[in-house]
Structure formats: C-alpha cells, structure tokens
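The exercises below concern helix packing and annotated sites. Each task is followed by a worked solution.

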Amino acid sequence: MNISIFGLGYVGCVSLGCLAQNGHTVIGVDVSETKIQQINNGEATIVEKDIDDIIHQQRKAGRISATKDYKQAILHTEISIVAVGTPSSQKGHLNLEYIFNVAENIGEVLAQKDEFHIIALRSTIFPGTCEKFARIIEDTSGKKNNIDFAVVDNPEFLREGTAVADYYNPPLTLIGSDCEKATEKMKALYEQLPAEIIVTDVKVAEIMKYVNNTYHALKISFANEVGNICSSLGIDAYKVMEIFCKDQQLNISPYYFKPGFAYGGSCLPKDLKGLQTLAHDLYIKTPVINSIDKTNDIQIQRAVGLLSKYFGKKIAILGISFKAGTDDLRNSPFVEVVEILLGRGFDLRIYDENIQVARLTGKNKAYIESRIPHLAKLLSHDLDKLIRESDVLVVSNKERGIENALQQVSGKIIIDMVRLPYLKEKNTYTGINW
C-alpha cells in the first residue's frame, strides 16, 4: 500500500521504517527540515535499537521518503497515519492543536481528491478526538465521513528501547472503526503481524492506552509498596513477586478485571486490612494499597446513589450474599447497601436462594445480626411473587434461579450490578458501570 505518516518523532519514525520493511511505500511528513533531511539521508530521527538499519535499508530500497509537502503526500497515498505529538499540560489535559492542524490540512487536500482516503490516528488522544477530527475534515473538504473518507483510531503500544521488537510482536493490534471499508483495509495493513487484530468502537480504542498505562503504573506502585514492606521485614521482595506471578489463574489473568459492584467476603477485606496494618506498624507509607478499600467504598456509595431516586417505591434486592453460590454475608457490600437504605426508610424486600436465617451460624450469624437484625422479616422465598409485587429490581447476584426468573420480566425498573444486558430490552434499565 501507499501510506503517508504525519509526524516523524518516535512513533512516526518506527512506523515509517517497519511498514516499509513489510513492503509498503511510505512517505513521512513533518514540519522539521532536520527530520526530513535525516530520513532522506537514510538516517533515523530517534535513537532506538535496530531502527537505524531499517531506515537505511528501506531508504536505499526506495520504499521511504520524507517531505514537507503534505498535499502531494496525501494525493499519492491511500492511508494517512497521524503520529504528531499531543503534549500534556500540568493538569493532565492534552494539547490537540497539532493533531487538529493535521485534520485541516487533510481536509484541504481531500477537497481535491476523488479516491476514498483513510486517516488512522496513532497519537495518544482523548475519547471523542476522532469524531472531532472527522468533523474538521468534513467542514474543510465538503466530503462525508465514512463515505468519502474514514477516520479510525489505531493506538500504538510501543516501549522505548524495544519499539521495533514491540512493533513486530505486539500483544494485539487494535482498530477503532465504524466504517467497514476502512476496517478491512487497516486489517490488511497488519495481517503480517503475529497478533490478534481486534476491531472495536472508536471510543473504546481511544481510551485503551490510558487504561493500559494507568494499570502498568499501578502494577509498578503495587510491587514497590510490597517491596517496601518486605524489605522492612528482611524478606526477599523479588522472590515474593516472582511467586506471585506464577499464579496465572487468578493473579495474572482476566479474573477480577470486570467492572461492576464492590468486592466483599471474608478474605479480600480481611487480608487487605491485614497488609495495611502491617505496613502501618512498620511505618511504611503505602498510598496505593491504602486506597483500595476507599475505592470499594465509593462503589458502594455509587449503588446507594443509583437507588436513592426510588424512595417510596417497592424495591427487591435479588441476592444479598457477597457473591453467587454462597450464603456468606460477611462483608457483603449489599448488606451495607441494605443497611443504609433501611436507615433512610426505604421499602425493601430481599431474595437470596442460599440464605435461610435459621441456618446461619457462627461469625456469619453474628455479623448479620449486628448489621440487619430483622433480616428474616425482609427475606422472601417466593422469587416470582417478589418480582411481581416490586417496582424496582436490584440484580446483585448471578444465581441461575434469578437469571431464569428475569428472562421474561418486562415493565420494571432494573438496577443491574452483575451485567445482564438483555434486561434492557423490555425494562427501564441502569447498569452500575455500563
């Protein structure tokens, strides 16, 4: 394919060389005469392992060039990759001035071009940027998005120092697009790479780099705080985290990475509190670890906020144990929600097929008696009747019996904590995080 790349900095230079090495003809566009001259001399614009040789070889083969003339670059290519800088302000806002300048330039040229043109944004951008970028092109060119041209998001996941290796061995290739024609062409651009190509909504793609890098920062901070605790106890922190990473069923896995309601139970809150207390006793500051339960509390308050507007209506809580398949009520976040709402005078009934007050024993019994002493009066054992007589259904457990009963429900207000999106078809539906 014939490709133009706007911006010859880190991402642009690596993309220029690697795409050319995959057999494409690539024109780099930049306002810097120095960078243009470097590329045209067969030299990389950055210091990065292997990129010097690639640029030299591909320039010699005639597959790469660089210019300041964006008009000719756009007219002679079918895909334009935008990799200009989006520097961050001290408050964290992105300066999108350069990227929108490119949109105006592209729109100006597309007014003179009949062929369908694809613009792929690789720069770090906020959700909604592609939409605004497309509007600028429409306003400038008089052309229509997804008809005469298409704007897609194609975030990069390159690490400095290993960028070339990362380009050729990505964890995945992500394309945010709502244009089938553009999607198919972008997929073909990356078909030589040994990774899954994921096509998703544009805004999903736009936010992914923020999510990834924030999690990477969290991992580093978490490991450092664990390391600080271990070193104070004379424990080899590297060995601790090495063993931690061996567990790929729970620790290094998709488990727990599904947005939803707060965690609970007898283990997570207790063990988290234990580690926080240990760090405190050792005079070790652990702000990341100390904030975990605060975030959990916020999620509980979020649920209370969603339900507060339904004061005076009959509310059914479908599941009160901390998760499906258990009668454990200890530290169940929904016990706290029920406790708060009862204190505010809400009309509540509860269904949980695993809870029978007469069978509660030990700490489980003591816990619920201290929090909701009149639980037996609130419990209903007839799920179908409870659903019929209630105005608001709060789905808090994914028990099979609950799911089966909800299949035919219509005309109810649904507050969904576990993600059962089919309920939105016949009901007034709100999900806690979707």
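**Exercise 1.** In which loop is the place of D30?

Solution. The model is a predicted one. D30 sits in the loop between strand 2 (25-29) and helix 2 (33-40).

**Exercise 2.** At which residues does UniProt place the feature "binding site" that includes D30, and how far are they spread in space?

Solution. Step one is the list: the unreviewed UniProt entry gives D30, K35, T86, T124, E160, K270 and R330. Step two is the spread: these residues cover 301 residues of sequence, and in space they reach up to 62.6 Å between C-alpha atoms. Step three concerns cavities: T124 is included in the lining of the second largest cavity.

**Exercise 3.** Describe the packing of helix 1 and helix 3.

Solution. Two packed helices are described by the angle between their axes and the distance between the axes.
1. For helix 1 (residues 10-21) and helix 3 (residues 51-60), the angle is about 55° and the axes are 9 Å apart.
2. The crossing of helix 1 and helix 3 is left-handed.
3. On the helix 1 side the contact uses C13, V14, L16, G17, C18, A20 and Q21, which meet I51, I54, I55, Q57 and Q58 of helix 3.
4. Sorted by class, this contact of helix 1 with helix 3 has 8 nonpolar, 4 polar and no charged residues.

**Exercise 4.** At what angle do the axes of helix 5 and helix 6 cross, and which residues make the contact?

Solution. The axes of helix 5 (residues 97-110) and helix 6 (residues 129-141) cross at roughly 35° and come within 7 Å. The crossing is right-handed. Helix 5 contributes I99, F100, V102, A103, E104, I106, G107, E108 and L110, and helix 6 contributes T129, K132, F133, I136, I137, T140 and S141. By class, the contact of helix 5 with helix 6 divides into 9 nonpolar, 4 polar and 3 charged residues.

**Exercise 5.** Is the crossing of helix 11 and helix 12 left-handed or right-handed?

Solution. Helix 11 (residues 268-281) and helix 12 (residues 287-308) pack at about 145°, with axes 10 Å apart. Their crossing is left-handed. L272, L275 and Q276 of helix 11 touch I289, N290, I292 and D293 of helix 12. The classes in this contact of helix 11 with helix 12 are 4 nonpolar, 2 polar and 1 charged.

Note on methods: Residues numbered from 1 in each chain as written. Predicted model: local features only at pLDDT ≥ 70, side-chain atom pairs only at ≥ 80, totals over all residues. Heavy atoms only, no water. Axes fitted to C-alpha atoms, helices over the stretch in contact; angles between N-to-C directions. Helix = DSSP H or I, 4+ residues; strand = E, 2+ residues; numbered from the N terminus. Left-handed = near helix turned anticlockwise from the far one by under 90°. Contact = heavy atoms within 4.5 Å. Nonpolar A, V, L, I, M, F, W, Y, C, P; charged D, E, K, R; others polar. UniProt positions renumbered as here; feature names shortened; annotations may be inferred. 1 Å grid on protein atoms, 1.4 Å probe; cavity = no way out; pocket = protein on both sides within 12 Å on 5 of 7 lines; lining within 4 Å.
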